[in-house]
Amino acid sequence: MLFWIAIAVLTFGVAAAFLLPLTRTAARGIDDARAANIAIYRDQLRELERDKAAGLIPAGDADNARAEIARRLLAADARGEAGAVSTFSGNGLAQAFVVVVIPAVSLCLYLLIGTPGMPSQPLEARLENPGNDMNLLVAKAERHLMQNPDDGSGWDVLAPIYARMNRMGDAELAYRNSVRLNGPSADRLNGLGEVLLAGRDGVVSDEAQVLFRQALALEPGNPRAAYYLALALEQSGERQKALQAFRAIAESSPPNAPWQEIVARHIARNGGGPLAGGPVQAPSSAPGNPTPDDVKAASALSGADRQQMIRAMVDGLDAKLKAEPDNFEGWMRLLRSYAVLKEEDKAMATLKESLKAFPAAGAQGQQLLAMAEELGLPVKEALK
């Protein structure tokens with residue numbers, strides 16, 4: 001009942017907002033007309049008094065003229081009142097439209113696309129059944145971690161999600177908890193370093209450099225950590241060292257590696273020549289897209305809520321690619337995600353759709369096919 005009362009109040013407010021200009025316009029016009037009439041007849045009275053004082057008109061004629069002017073003034077005032085009724089009536093169709101049609105159309109639209117029969121749900125009930133609502137899924141995970149703060153796997157899953165939601169303070173805390181509870185890994189250290197990077201508008205701080213060096217020590221040749229360390233050299237003005245570092249990344253990476261394009265730009269910026277072999281994409285992950293590592297980490301966990309979180313991330317990426325099919329890196333992630341989830345039908349459908357945007361004859365299409373073969377998908381079937 002409270003909901004319908006609120007709807008009625010809002011509808012009344014909207015109708016009043018539309019009616020007010022109509023009534024103000026009519027009243028303003030009537031007031032202006034009355035003021036003009038009064039000004040005219042007052043001028044006539046003053047002129048009559050001047051003529052009488054100058055002896056230009058006899059006193060008896062002056063009294064008759066004064067009475068006639070007063071009669072006209074009263075008649076004009078009466079016409080003004082009649083005009084008020086007429087003006088208000090003239091806007092009757094517009095007023096009826098505002099009062100009747102707008103509420104009726106609004107109600108019909110709500111009944112058509114809304115869910116008036118759905119009972120209200122308190123937060124507790126919504127958290128129990130969050131569906132694909134990412135905010136509720138995150139809230140449910142946060143509640144779990146408040147009750148189980150030493151659940152390292154939970155922090156591991158939540159940290160990159162916070163980062164893609166641009167909640168950098170929460171992401172930093174989650175990554176630090178994950179490193180503390182699960183131990184350092186290249187992915188965790190890189191993630192924490194990137195969060196610190198975002199907090200300083202892209203500047204690679206000393207603490208971030210330490211994290212990236214630790215990531216390289218754990219995983220030699222890690223291009224993600226190597227890239228940020230090269231970027232730190234560039235930002236500090238050591239262009240020759242930065243050039244050598246970026247060239248080392250380019251030479252040690254496959255020609256079609258997704259990060260070759262941005263590395264090539266940094267090589268050119270620091271005075272080097274272009275790379276051979278046509279780079280493809282930048283290495284950074286777009287906010288909101290789940291990485292294969294996210295899916296793998298989350299799929300290894302137990303609990304229906306985490307499974308729902310995986311599903312929400314993958315479905316969100318799927319929907320985004322339908323609107324932006326030229327996102328090559330997104331297709332690569334979605335293909336691997338469905339394979340990790342062991343949903344071969346959806347993986348095959350993703351491969352076919354991605355090949356429409358990036359034909360098999362091109363370098364990017366070949367990379368999609370190579371990944372599909374690596375994942376054990378029937379590539380020949382996708383090419384039919």
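Colleague: Is R176 buried, partly exposed or exposed, and what is its relative accessible area?

Modeller: Bearing in mind that this is a predicted model, R176 counts as partly exposed, with a relative accessible area of 33%.

Colleague: And what does R176 form a salt bridge with?

Modeller: The partner is E172, and the closest N and O atoms of the two residues are 3.0 Å apart. Both residues belong to helix α7, which covers residues 168-182, and they sit four residues apart, about one turn of the helix. E172 is partly exposed too, at 26% relative accessibility.

Colleague: How many salt bridges does the count come to?

Modeller: The count comes to twelve salt bridges.

Colleague: How accessible are R167 and D170?

Modeller: R167 has a relative accessible area of 28%, so it is classed as partly exposed, and D170, at 33% relative accessibility, is also classed as partly exposed.

Colleague: Which residue forms a salt bridge with E194?

Modeller: E194 pairs with R224, and their closest N and O atoms are 2.8 Å apart. Because E194 lies in helix α8 and R224 in helix α10, this pair ties together parts that are 30 residues apart in sequence. E194 is partly exposed at 24% relative accessibility, and R224 is partly exposed at 28%.

Colleague: How do α8 and α10 sit against each other, then, in angle and distance?

Modeller: The axes of α8 (residues 186-199) and α10 (residues 223-235) come within 10 Å and cross at roughly 35 degrees, and the crossing in which α8 passes α10 is left-handed.

Colleague: Which residues meet there?

Modeller: From α8 there are D187, N190, G191, E194 and L197, and they meet R224, A225 and Y228 of α10.

Colleague: Changing topic, which residues form the nonpolar patch on the surface?

Modeller: That patch is formed by V100, V101, V105, L109, L112 and I113, which together have about 590 Å² of accessible area. I113 is found in helix α3, residues 92-113, and with a relative accessible area of 69% I113 is exposed.

Colleague: What about D63, where is it, and how far is its C-alpha atom from that of E49?

Modeller: D63 has its place in helix α2, which covers residues 59-90, and at 41% relative accessibility D63 counts as partly exposed. The C-alpha atoms of D63 and E49 are separated by 9.9 Å, with the two residues 14 apart along the chain.

Colleague: Stepping back to the whole chain, how many helices and strands does the protein have, and what share of its residues counts as buried?

Modeller: The protein has 18 helices and zero strands, and of its 384 residues 33% count as buried. It exposes about 21900 Å², of which carbon and sulfur atoms supply 59%.

Colleague: Last one: among contacts between residues at least 6 apart in sequence, what share joins residues at least 24 apart?

Modeller: For the protein that share is 54%.

Key
Residues numbered from 1 in each chain as written. Predicted model: local features only at pLDDT ≥ 70, side-chain atom pairs only at ≥ 80, totals over all residues. Heavy atoms only, no water. Patch = residues over 30% accessible without salt bridge, like charges linked within 9 Å, V, L, I, M, F, W, Y side chains within 5 Å. Areas by Shrake-Rupley, 256 points an atom, 1.4 Å probe, with all protein chains shown as cover. Salt bridge = Lys/Arg side-chain N within 4 Å of Asp/Glu carboxyl O. Helix = DSSP H or I, 4+ residues; strand = E, 2+ residues; numbered from the N terminus. Buried < 20%, exposed > 50% of the residue type's maximum accessible area, 1.4 Å probe, protein only. Contact = heavy atoms within 4.5 Å. Axes fitted to C-alpha atoms, helices over the stretch in contact; angles between N-to-C directions. Left-handed = near helix turned anticlockwise from the far one by under 90°.
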